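This briefing concerns a single protein chain, shown below.

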Amino acid sequence: WAGKACSLYTQHGPPQELGRTLLRRGRIYLEADRYWPAREDLQRGIELLEDESSRDSADQRLLFEIASGYQLLGLAAEKLTRYQEAVRSQQKGIELFGRLQSSAQVAQGRQYLANIYWMSGDYRQALLHQEEALAMFRRMNDAKLLSMGHSTLGLIRMGLGDIDMAAGHLH
């Protein structure tokens, strides 16, 4: 359906709707472990929506979609081991969600950054972002996110060679 929608919007529709459809298809590709096409669709979708946003900067929904697109693009880049690109994308998503005062998405972005730094072996940066994410998760009182955050923090501590602290986060 997404391919058909992209084709129709390319021929007849407004660029904003094509951008949204590309983000949706990019998300599907990401879930299907098809990271290169996900990256391509997400980048193009973001470009189209940012172009539209430059004409209507007051559209909060559009800004939210762009920020979400950046988070997804960061996830695709991470899976492709393009860590610098992943960091830039997540930082852009965090910046936009911050402007929207969307603390849950900012916290999730910090979690994503911690994961990227952990995967790339930069445990100090991973620790910094993970602790920020955990503090936000505590304020949100979200048990699921706290559990995930503590698990990641344990892995980061283990990477730093602090096994006792790592074990404390995994209990």
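In this predicted model, the side chains of glutamate 47 and arginine 44 form a salt bridge, with an N to O distance of 3.6 Å. The two residues are three apart in helix α3 (residues 35-55), and the separation therefore amounts to about one helical turn. Glutamate 47 is partly exposed, at a relative accessible area of 45%, and arginine 44 is likewise partly exposed, at 40%.

**Overall make-up**

- The protein contains nine helices and zero strands.
- Read from the N terminus, the order of elements is α-α-α-α-α-α-α-α-α.
- Of the 171 residues in the protein, 47% are buried.
- When contacts between residues at least 6 apart in sequence are considered, 50% of them join residues at least 24 apart.

**Salt bridges**

- The count of salt bridges comes to eleven, and the pair of glutamate 47 and arginine 44 described above is one of the salt bridges.
- Arginine 61 and glutamate 65 form another salt bridge, in which the closest N and O atoms are 3.6 Å apart.
- Both arginine 61 and glutamate 65 belong to helix α4 (residues 60-79), where they are four residues apart, about one turn of the helix.
- Glutamate 132 and arginine 110 form a salt bridge whose closest N and O atoms are 3.0 Å apart.
- Because glutamate 132 lies in helix α7 and arginine 110 in helix α6, this pair ties together parts that are 22 residues apart in sequence.
- Glutamate 132 is partly exposed, with a relative accessible area of 30%, and arginine 110 also counts as partly exposed, at 21% relative accessibility.
- Through shared partners, salt bridges join Glu17, Arg20, Arg61 and Glu65 into one network.

**Packing of α5 against α6**

- The axes of helix α5 (residues 83-99) and helix α6 (residues 103-119) come within 9 Å and cross at roughly 165°.
- Angles over 145 degrees count as roughly antiparallel, and α5 and α6 are therefore roughly antiparallel to each other.
- The crossing of α5 past α6 is left-handed.
- On the α5 side, the contact with α6 is made by Tyr83, Ala86, Val87, Gln90, Gln91, Ile94, Phe97 and Gly98.
- On the α6 side, the residues that meet α5 are Gln105, Val106, Gly109, Arg110, Tyr112, Leu113, Ile116, Tyr117 and Met119.
- Sorted by class, the contact of α5 with α6 comprises eleven nonpolar, five polar and one charged residues.

**Packing of α6 against α7**

- The axes of α6 and helix α7 (residues 123-140) come within 8 Å, and the crossing angle is roughly 155°.
- This angle makes α6 roughly antiparallel to α7.
- Helix α6 passes α7 in a left-handed crossing.
- From α6, the contact draws on Ser103, Ala104, Val106, Ala107, Gln108, Arg110, Gln111, Leu113, Ala114, Tyr117 and Trp118.
- From α7, the contact draws on Tyr123, Gln125, Ala126, His129, Gln130, Glu132, Ala133, Met136, Phe137 and Met140.
- By class, the contact of α6 with α7 holds 13 nonpolar, six polar and two charged residues.
- Arg110 of α6 and Glu132 of α7 are among the residues in this contact, and the salt bridge between glutamate 132 and arginine 110 joins them.

**Isoleucine 66 in the interior**

- Isoleucine 66 is located in helix α4 and is buried, with a relative accessible area of 2%.
- With residues up to four places away in sequence left out, isoleucine 66 touches Ile46, Leu49, Glu50, Ser53 and Leu96.
- Isoleucine 66 and phenylalanine 97 are 31 residues apart along the chain, and their C-alpha atoms are separated by 9.4 Å.
- Phe97 is also one of the α5 residues that meet α6.

Note on methods
Residues numbered from 1 in each chain as written. Predicted model: local features only at pLDDT ≥ 70, side-chain atom pairs only at ≥ 80, totals over all residues. Heavy atoms only, no water. Axes fitted to C-alpha atoms, helices over the stretch in contact; angles between N-to-C directions. Parallel < 35°, antiparallel > 145°, perpendicular 65-115°, else oblique. Left-handed = near helix turned anticlockwise from the far one by under 90°. Contact = heavy atoms within 4.5 Å. Nonpolar A, V, L, I, M, F, W, Y, C, P; charged D, E, K, R; others polar. Salt bridge = Lys/Arg side-chain N within 4 Å of Asp/Glu carboxyl O. Buried < 20%, exposed > 50% of the residue type's maximum accessible area, 1.4 Å probe, protein only.
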